[in-house]
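Let's take a walk through this protein together. Keep the picture open and look for each piece as we get to it.

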Amino acid sequence: MKVLHFYRTYYPDTFGGVEQVIRQMAVGTTRLGVENEVLTLTRDTDRPLIEFEGHKVHRAHLNFEIASTGFSWSALSRFVELAKQADVVHYHFPWPFMDIAHFLGRVKTPSVVTYHSDIVRQKYLLKLYAPLKHQFLRDVNRIVATSPNYLATSPTLGLYKDKTEVITYGLDNSIYPVPSAELLDKWRQKVGENFFLFVGMLRYYKGLHILLEAAAGTNIPIVIVGDGPEEIELKRQAEKLQLKNVHFLGALPEPDKVALLTLCFALAFPSHLRSEAFGISLLEGAMYGKPMISSEIGTGTTYINVAGQTGLVVPPSDPAAFRQAMEYLLAHQQEAAEMGKNARQRYLDLFTAEKMAGHYARLYQEVIDEDQRKRQRK
């Protein structure tokens, strides 16, 4: 069975949550006998094809972007060619160019869409895009929601419940590097151990401005790993608030990230908008047995982090509530440690890559079988 994943960006260009999920899907289903390929866009013109962890990555040149949507003329022809060779096309939504490619290429290969997020920010452009979006979602064979919370609260997914099922994200702990004692000592000397950690792209919906406000007037140590479009503004805010307890470390290699996940006291995840549909770094915190603080935004974040069980959940955009949650965990460290244990167990019960891969391998076979039955009836 050959599966083609289609998404706007992928390793080694970017290391966001969706890219991590596609990576975990590809690695996990490869172990089950699935041959995976990824088609993505890149500004790198030197390597149109690379091998990554047992799967091929086809990289089409990015021509331009409009409202964070990448367009590529060469991707259209490559998509048609690769889709014809695949048994299943696995789309990763949202990406309007992908919808266009689907129809222009007149792709008849059985298709699965993982619905990673509603479109939240571009409300006016969404009105223009809506007819194409719904035509696309009607045309694909199956849709996957990433948590029961998101399926229950997404107005778009509510229209397609008859073809939608829930498959949560999963992570494979074994493909994460084990930090050396020297690396742990390096970071221990730099940032200590009793700190709250944020890991992720510094985007508008991550709510880091809320975390900085929550840190103001306290000595609570906070470490922020990642870069992105909000970085300059966040550093200005930290300077204005005179925050000496917040460390911006930028994007770091995987071993350093894991070292900080190992050392941290808890995960701080202040995302306040529905653009944060799940929270891969939150799940990484659970995988490493850390208590978590997140906001209730009706998405997968509170499917990972169950209030009072694996951490604390606060109202969105409420710095005072987030500050109180951090202070509570620091004041009740035995309870926080128990929450961390519960978080690790919840990861093992629901969120392993092995479970996710098994569900997707089964779904791929189902859409192939359904397509074959339709062809036989014709």
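This is a predicted model: local features need pLDDT of at least 70, side-chain atom pairs count only at pLDDT 80 or more; totals for chains, interfaces and linings use all residues.

Now step back into helix 3 itself, which covers residues 96–104. Its buried residues are P96, F97, M98, D99, A101 and H102. Here's a handy bit of background: an α-helix has 3.6 residues a turn, so residues three or four places apart point the same way.

Next, zoom out. The chain is split into two domains: domain 1 takes in 2–172 plus 353–377, while domain 2 runs over 174–350. On the contact between them, 23 residues come from domain 1 and 22 residues from domain 2. The C-alpha centres of the two domains sit 28 Å apart.

How much area is buried between domain 1 and domain 2? It comes to about 2,100 Å², and carbon and sulfur atoms give 57% of that. On the domain 1 side, look for Y169, L171 and D172: they supply 28% of the area this domain buries against domain 2, more than any other three residues. The two domains also have 1 salt bridge between them. If you find R274 and D118, you'll see a salt bridge whose closest N and O atoms are 2.9 Å apart.

Because 7 of its 8 residues are buried, strand 2 is largely enclosed by the rest of the structure. Strand 1 (residues 2–6) pairs with strand 2 in the parallel sense, over 5 bridges, and L4 stands opposite E37. To get from strand 1 to strand 2, the chain passes through helix 1 (residues 17–30), making a right-handed β-α-β crossover. Strand 2 also pairs in the parallel sense with strand 4 (residues 55–61), this time over 6 bridges. There, T42 stands opposite H61.

Let's finish at strand 14, residues 266–269. In a regular strand the side chains alternate between the two faces of the sheet. Are the faces of strand 14 covered or open? Both are covered: A266 and A268 are buried on one side, and L267 and F269 are buried on the other. Strand 14 runs parallel to strand 11 (residues 196–199), with 2 bridges joining them, and F196 has A266 as its bridge partner. Strand 14 is also joined to strand 15 (residues 292–295) by 3 bridges, again running parallel. Here F269 has S294 as its bridge partner.

Methods:
Residues are numbered from 1 along each chain as its sequence is written. Side-chain values use heavy atoms; hydrogens and water are left out. Buried means under 20% relative accessible area, exposed over 50%, partly exposed in between (1.4 Å probe, protein chains only). Helices (H or I, at least four residues) and strands (E, at least two) are DSSP runs, numbered from the N terminus. Two strands pair if DSSP finds at least two bridges between them. Domain bounds come from an automatic or database domain assignment. Contact means heavy atoms within 4.5 Å. Buried area is the accessible area (1.4 Å probe) that two parts lose on being put together, summed over both. A salt bridge is a side-chain nitrogen of Lys or Arg within 4 Å of a carboxyl oxygen of Asp or Glu. A crossover is right-handed if, with the strands pointing away from the viewer, the path from the first strand over the helix to the second runs clockwise.
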